[in-house]
Amino acid sequence: QVQLVESGGGLVQTGGSLRLSCAASERTFSNYAMAWFRQVPGEGREFVVGISRSGGSTAYADSVKGRFTISRDNAANTVYLQMNGLKPEDTAVYYCAAGRTILRQTVHTTDSGYGYWGPGTQVTVSS
């Protein structure tokens with residue numbers, strides 16, 4: 001059972017930056033692809049960015065390309081999301097997700113690829 005805990009959310013002005021972290025309890029963290037999703041009230045969960053087990057492959061939603069960067073530190077069992085150039089439309093609860101993959105370079109871009117989820121952290125971007 002993988003337990004995930006996000007941190008780093010908060011309130012920021014348009015154009016500002018935040019760095020989210022997600023710490024995993026699993027010793028075999030490197031067996032899991034990781035991703036960030038986000039959700040606003042009344043809407044479904046939206047894929048934001050994902051990273052493969054090895055860190056060698058990433059996938060980004062078009063809406064965040066060039067602004068957000070995902071990275072992982074397998075030794076620290078942690079995945080990060082650096083968010084720059086934040087916009088009001090980035091306001092959401094951000095969830096960290098983990099999913100086992102067979103291939104080291106696989107990155108799932110839908111929530112069905114991830115079996116473990118954190119409780120979420122609120123990101124609010126003021127205009």
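This is a predicted model: local features need pLDDT of at least 70, side-chain atom pairs count only at pLDDT 80 or more; totals for chains, interfaces and linings use all residues.
View 1. Strands β4 and β5 pair in the antiparallel sense, over 5 bridges. Together β4 and β5 form a hairpin, with 6 residues between the two strands. Gly42 lies in the turn of this hairpin and has a positive phi of about 85°.

**View 2. Strand β5 and its pairing with β6.** Of the 6 residues of β5, 5 are buried, so this strand is largely enclosed by the rest of the structure. Strand β6 comprises residues 58-60 and runs antiparallel to β5, to which 3 bridges join it. Within β6, Ala59 is the bridge partner of Gly50. A hairpin is formed by β5 and β6 as well, with 6 residues between them. In its turn, Gly55 has a positive phi of about 85°.

**View 3. Gly56 in the loop between β5 and β6.** Gly56 has a relative accessible area of 59%; because this value is over 50%, the residue counts as exposed. The C-alpha atom of Gly56 is separated by 30 Å from that of Val125, and the two residues are 69 residues apart along the chain.

**View 4. The nonpolar cores.** The largest nonpolar core has 28 residues. Met34, Trp36, Val79, Met83 and Tyr94 are the residues with the most contacts inside this core. Two or more residues are given to this core by each of β3 (18-24), β4 (32-39), β5 (46-51), β7 (68-73), β8 (78-83), β9 (92-100) and β11 (121-126). Another core, of 7 residues, lies apart from the largest one; among its residues are Ala33, Ala35, Phe47 and Ala97. In soluble globular proteins, nonpolar side chains tend to be buried together.

**View 5. The aromatic pair of Phe37 and Phe47.** The structure holds 4 aromatic pairs. In the pair of Phe37 and Phe47, the ring centres are 5.5 Å apart and the planes stand at 75°, so the arrangement is edge-to-face. Phe37 belongs to strand β4 and Phe47 to strand β5, so the pair ties together parts that are 10 residues apart in sequence. Phe37 counts as buried, at 1% relative accessibility. Phe47 likewise counts as buried, at 12% relative accessibility.

**View 6. The aromatic pair of Phe37 and Tyr114.** Phe37 and Tyr114 form an edge-to-face pair, with 5.6 Å from centre to centre and 75° between the planes. This pair links distant parts of the chain: Phe37 is in strand β4, whereas Tyr114, 77 residues apart from it, is in the loop between β9 and β10 (116-117). Tyr114 has a relative accessible area of 5% and is buried, because this value is under 20%. Ring pairs link Phe37, Phe47, Tyr114 and Trp117 into a cluster.

**View 7. Charged side-chain ends of Arg45 and Arg19 over aromatic rings.** The charged end of Arg45 sits over the ring of Trp117, at 3.7 Å from the ring centre. Trp117 is one of the residues of the aromatic cluster that includes Phe37, Phe47 and Tyr114. The charged end of Arg19 sits over the ring of Tyr80, 4.0 Å from the centre of that ring.

Terms used: Residues are numbered from 1 along each chain as its sequence is written. Side-chain values use heavy atoms; hydrogens and water are left out. A nonpolar core is a set of buried Ala, Val, Leu, Ile, Met, Phe, Trp, Tyr and Cys residues joined through side-chain atoms within 4.5 Å. Buried means under 20% relative accessible area, exposed over 50%, partly exposed in between (1.4 Å probe, protein chains only). Helices (H or I, at least four residues) and strands (E, at least two) are DSSP runs, numbered from the N terminus. Two strands pair if DSSP finds at least two bridges between them. Rings of Phe, Tyr and Trp (its six-membered ring) pair if their centres lie within 6.5 Å; planes under 30 degrees apart count as stacked, over 60 as edge-to-face and the rest as tilted. A charge sits over a ring if NZ of Lys or CZ of Arg is within 6 Å of the ring centre and within 35 degrees of the ring normal.
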